[in-house]
Amino acid sequence: MAHVAGELGSPFVGAVLAAGLRQLHRAPHSEAVIAQWEGDPASAALAMRFNAALHFLARRGNPPALAALYRGEHYDFDGAIGAALAAEDDLVAGFLRRTPQTNEVGRSGAMVAALMQVRRRFGLPFELLEIGSSCGLNLNLGRYGFDLGGVLAGDRHSPVQVVPDWHGPAPQPAPLEVVSARGVDLHPLDAGDPATCERLMAYIFADQPQRLHRLEQALAMARRHKPQLEQGDASEWLARQLAVPQAEGVCRVVMHSMVLQYLPPQDRAAVVAMIQDAGRFATPERPLAWVGFEWTETRSEVQLALSWFPGGEQRRVLAVCHPYGNSVDWRS
């Protein structure tokens, strides 16, 4: 767990997870949740849930020794984390049981690069349908600004600016025009709820303040421009949305980021099948695109993939990305 955090650019979280593993015996309920976990802990992001619980406690300021560790006032990782686990076992276990709700805004940079390719292909504005929207922050991507390898897109004056480290050729520029955006989540979050905001910010690595600031700005944006977000099952909701007649002159886009790993296999298969089925009825006047930002099945890399209908049914990998969108290795 710890080495993965280091590879993601967070040595502090790597140290937190290493100490947490050593001290886990002091939190028997949390230890039992991990020991009895069914399925792949990596796919379930169990380490990130554990880390978020500790960051949540540190941001709360209690236990004091843990908060001081996060402020850089001492480096006794084992002492502070061991005491926190002993005192807050039930809270940590609760974080472990709940599906992560990261809603990382940085991923929207890669997804916008894919949308620009779709815009160049069809020349139409977008109707966005997002599954696994969490707080719906990426439904507001039309209100953000982007610098994608020197190619500017979106609102240059937006308080939310997404500037990933770009490798490879820059994407071809195209307008970012969103006429509607709707999403669904099994447990949607409300940006107007302070507790929700704290939970989301707990999932940001403590030694990455720029990500934290961007999330705060995106949450403020969501309070001003509330995303159209529904509670429900992803596959059932998507089936209903795809059944709604599509307006002429608008490109319908199904998008998702770091969602498929949390769906049961039958639901993943249903999502793929219904997108492909809908694509058979797409026309140049009513095209369909599918943008995904997901781990590969072996979790060896995160891929940005694109299909469009008609004419581009073969799914193409456009880029390999950092899991939080911090960097994009553009392949297309």
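In this predicted model, helix α3 meets helix α7 through Pro 28, His 29, Ser 30, Val 33 and Ile 34 on the α3 side. The α7 side of this contact consists of Asp 89, Asp 90, Val 92, Ala 93, Leu 96 and Arg 97. By class, the residues of the α3 and α7 contact are six nonpolar, two polar and three charged.

**Helix α3 with helix α7**
- Helix α3 spans residues 28-35 and helix α7 spans residues 89-97.
- Their axes come within 7 Å and cross at roughly 20°.
- Angles under 35 degrees count as roughly parallel, and α3 and α7 are therefore roughly parallel to each other.

**Helix α2 with helix α4**
- The axes of α2 (residues 11-23) and α4 (residues 46-60) come within 10 Å, with a crossing angle of roughly 100°.
- This angle makes α2 roughly perpendicular to α4.
- Val 13, Val 16, Leu 17 and Gly 20 of α2 contact Ala 47, Met 48, Phe 50, Asn 51 and Leu 54 of α4.
- Seven residues of the α2 and α4 contact are nonpolar and two are polar, with no charged residue.

**Cysteines**
- The structure holds zero disulfides.
- Cys 135 is in no disulfide, and the nearest cysteine sulfur, that of Cys 197, lies 6.5 Å away; a disulfide requires sulfur atoms within 2.5 Å.
- Cys 135 counts as buried because its relative accessibility is 2%.
- For Cys 321, the closest cysteine sulfur is in Cys 251, at 20 Å, which is too far for a bond.
- Cys 321 is also buried, at a relative accessible area of 6%.

Conventions
Residues are numbered from 1 along each chain as its sequence is written. This is a predicted model: local features need pLDDT of at least 70, side-chain atom pairs count only at pLDDT 80 or more; totals for chains, interfaces and linings use all residues. Side-chain values use heavy atoms; hydrogens and water are left out. Axes are lines fitted to C-alpha atoms, for helices over the stretch in contact, and angles run from 0 to 180 degrees between N-to-C directions. Helices (H or I, at least four residues) and strands (E, at least two) are DSSP runs, numbered from the N terminus. Angles under 35 degrees count as roughly parallel, over 145 as roughly antiparallel, 65 to 115 as roughly perpendicular and the rest as oblique. Contact means heavy atoms within 4.5 Å. Ala, Val, Leu, Ile, Met, Phe, Trp, Tyr, Cys and Pro count as nonpolar, Asp, Glu, Lys and Arg as charged, and the others, Gly among them, as polar. Buried means under 20% relative accessible area, exposed over 50%, partly exposed in between (1.4 Å probe, protein chains only).
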